[in-house]
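Here's a quick briefing to read alongside the model.

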Amino acid sequence: MQHSLICKGCWEQMHVPVLIRGVASAPFRAFGIRPSRMNPNTCTICELMFTKVMRARKITIDATIMFADLRGYTSLSQSQSPDAVSGLLDAFYDECANAIWEHDGLLNKTIGDAVMAVFNFPLKREAHARNAVLAAREIQANWRDRREGLVEAHGLTADELGIGIGIHTGELSFGEFGRSHRDLTAIGTVVNTASRAQSVAEADQILVTKAVFDRAQPDLKDSPSKAFQLKGFDVPIELYTA
């Protein structure tokens with residue numbers, strides 16, 4: 001993936017060319033402005049100066065949330081050496097990050113053996129639901145190729161190293177939450193639904209909601225669906241295999 005010389009977020013949101021790479025970025029770095037760890041094509045202004053950029057602690061946005069989880073990690077951590085477990089997790093994070101950034105998403109959180117991504121902020125993309133699906137497919141495809149070497153190196157089976165992914169889209173709250181420890185993230189039903197969809201996805205499977213199915217056409221036109229009783233929901237939720 002080729003990284004941008006200027007922050008795409010600052011340019012698209014404020015039309016300000018904030019240099020984050022190259023010799024000319026030195027003055028910006030002197031003020032602590034560097035590529036964001038959430039997306040290397042955005043900067044720490046987007047990541048840390050949310051109140052200054054958006055003039056609010058939190059906003060309501062239309063966005064897509066993706067959760068990806070490395071299946072079998074808990075049991076593997078009990079049977080493998082710390083170095084082996086760390087290597088597996090690093091490989092998982094790398095594949096997720098590269099695919100998310102390639103499709104203009106924000107790798108918002110790493111939560112143990114899972115990652116959470118946000119699509120449509122700060123990089124605004126009309127097809128953000130489709131971008132999330134394409135990123136998820138890329139994660140699965142790249143992981144299938146990469147895990148062959150990991151399986152052989154650690155004496156595992158492919159089933160022990162699968163990834164389950166869940167995606168939902170809609171309106172959510174995004175901003176800085178908390179006071180003693182501020183956390184830039186998304187909250188709301190969309191986030192919870194994506195997380196629950198991920199929890200019922202099988203290894204190597206991507207499950208998306210009806211909202212994603214409708215907005216990511218024609219990429220999902222032949223996707224089969226099934227009703228799932230998700231934890232915390234009163235009625236079954238229709239999920240589609242992507």
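For the residue classes here, Ala, Val, Leu, Ile, Met, Phe, Trp, Tyr, Cys and Pro count as nonpolar, Asp, Glu, Lys and Arg as charged, and the others, Gly among them, as polar. This is a predicted model, where local features need pLDDT of at least 70, side-chain atom pairs count only at pLDDT 80 or more, and totals for chains, interfaces and linings use all residues. Residues are numbered from 1 along each chain as its sequence is written, and side-chain values use heavy atoms, with hydrogens and water left out.

**Second largest cavity**
- Its lining has seven nonpolar, one polar and one charged residues.

**Helix H8**
- H8 covers residues 189–200, and its end C-alpha atoms are 17 Å apart, which agrees with the 16 Å that 12 residues should span at 1.5 Å a residue (the expected span is 1.5 Å times one less than the number of residues).
- Helices here are DSSP runs of H or I with at least four residues, and strands are E runs of at least two, numbered from the N terminus.
- Buried (under 20% relative accessible area, 1.4 Å probe, protein chains only) residues of H8 are Val 190, Val 191, Thr 193, Ala 194, Ala 197 and Gln 198.
- Seen down the axis, these buried residues fall within an arc of 165° (taken from the directions from the helix axis to the C-beta atoms), so they line one face of H8.

**Lys 124**
- Lys 124 sits in the loop between S3 and helix H7 (128–154).
- With 39% relative accessibility, Lys 124 counts as partly exposed, the class between buried and exposed (over 50%).
- Beyond its neighbours within four places in sequence, Lys 124 is in contact (heavy atoms within 4.5 Å) with Glu 12, Gln 13 and Ile 61.
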